Amino acid sequence: MNWYNVGKIVNTHGILGEVRVISTTDFPEERYAIGNKLSLFLGDTKTPLVLTVTSHRQHKNFDLLKFEGFLTIEMVQGFRNGILKVTEYQLSDLEGDEYYFHEIMDCTVYDLVGQEIGVVTDILQTGANDVWTVTPAKGKAHYIPYIEDVVKEIDIDKKKIVIEVMDGLLL
């Protein structure tokens, strides 16, 4: 089974069992909905602790969560540094030109004439648009903006992306 990160528990909050989460999901309202199940991975454990969300609110840059059956600070202190994940079966279908990061990672990028540029090795979230780090077999990495003018075709099944190389893009 494949697991996907949605957040990291960085601390407790208050005395009533709330935890502070640095979220890594683009869908916090869905992932942290009351009744939703999240799997908590602690340290090197392979078997997660399945938690049911009982409350969610935002505070500063954190998502604050409470879980069913965990009512005190003492009960959640051991969750610190744990990673909250969902299974591939919990992922929602996305709109036409939207992709999960794991679908884009490791795709091979080609130009319009079929010349290989490299492989997507990282995705940076800049605010305006995502920027893909494309690493060639030799040489420096390239930074490709995920915008319509540049990215022309994405085939997830073939792990292939075709881009239009604009002037200055591959310096």
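Colleague: What kind of model are we looking at?

Modeller: The side-chain atom pairs discussed here count only at pLDDT 80 or more. Local features need pLDDT of at least 70, and the model is predicted.

Colleague: How many salt bridges does the model hold?

Modeller: The rule asks for a side-chain nitrogen of Lys or Arg within 4 Å of a carboxyl oxygen of Asp or Glu. Glu18 pairs with Arg57 at 2.9 Å, Glu30 pairs with Arg31 at 3.3 Å, and Lys152 pairs with Glu164 at 3.7 Å. By that rule the count is 3.

Colleague: Is Glu18 buried or exposed?

Modeller: A residue counts as buried when its relative accessible area is under 20%. Glu18 has a relative accessibility of 11%, so Glu18 is buried.

Colleague: In the bridge between Glu30 and Arg31, which residue is buried?

Modeller: The closest N and O atoms of Glu30 and Arg31 are 3.3 Å apart. Glu30 has 32% relative accessibility and therefore counts as partly exposed. Arg31 has 3% relative accessibility, so the buried residue is Arg31.

Colleague: Where does Glu164, the partner of Lys152, lie?

Modeller: Lys152 and Glu164 form a salt bridge with closest N and O atoms 3.7 Å apart, and the pair links distant parts of the chain, 12 residues apart. Lys152 is partly exposed at 42%, and Glu164 is partly exposed at 31%. Lys152 is in strand β11 (residues 151–155), whereas Glu164 is in the segment after β12 (160–163).

Colleague: Which charge, negative or positive, does the surface patch with Asp97 carry?

Modeller: Asp97 lies in the loop between β6 (83–87) and α3 (101–104), and with a relative accessible area of 55% Asp97 is exposed. On the surface, Asp97 gathers with Asp26, Glu95, Glu98, Glu148 and Asp149 in a patch whose charge is negative.

Colleague: What separates the C-alpha atoms of Leu64 and Glu18?

Modeller: Leu64 is in strand β5 (residues 62–67), and its relative accessible area of 0% makes it buried. Beyond its neighbours up to four places away in sequence, Leu64 touches several residues, including Glu18 and Arg57. Leu64 and Glu18 are 46 residues apart along the chain, yet their C-alpha atoms are separated by 6.2 Å.

Colleague: Which residues does Thr87 touch, not counting those up to four places away in sequence?

Modeller: Thr87 sits in strand β6, and at a relative accessible area of 11% Thr87 is buried. With residues up to four places away in sequence left out, Thr87 touches Met1, Asn2, Trp3 and Tyr4.

Colleague: Is Thr52 buried or exposed?

Modeller: Thr52 is placed in strand β4. Leaving out residues up to four places away in sequence, Thr52 touches Gly35, Asn36, Lys37, Lys66, Phe67 and Glu68. The relative accessible area of Thr52 is 13%, so Thr52 is buried.

Definitions and conventions:
Residues numbered from 1 in each chain as written. Heavy atoms only, no water. Patch = residues over 30% accessible without salt bridge, like charges linked within 9 Å, V, L, I, M, F, W, Y side chains within 5 Å. Areas by Shrake-Rupley, 256 points an atom, 1.4 Å probe, with all protein chains shown as cover. Lys, Arg positive; Asp, Glu negative; His and termini not counted. Charge placed at Lys NZ, Arg CZ, Asp CG, Glu CD. Helix = DSSP H or I, 4+ residues; strand = E, 2+ residues; numbered from the N terminus. Buried < 20%, exposed > 50% of the residue type's maximum accessible area, 1.4 Å probe, protein only. Contact = heavy atoms within 4.5 Å.
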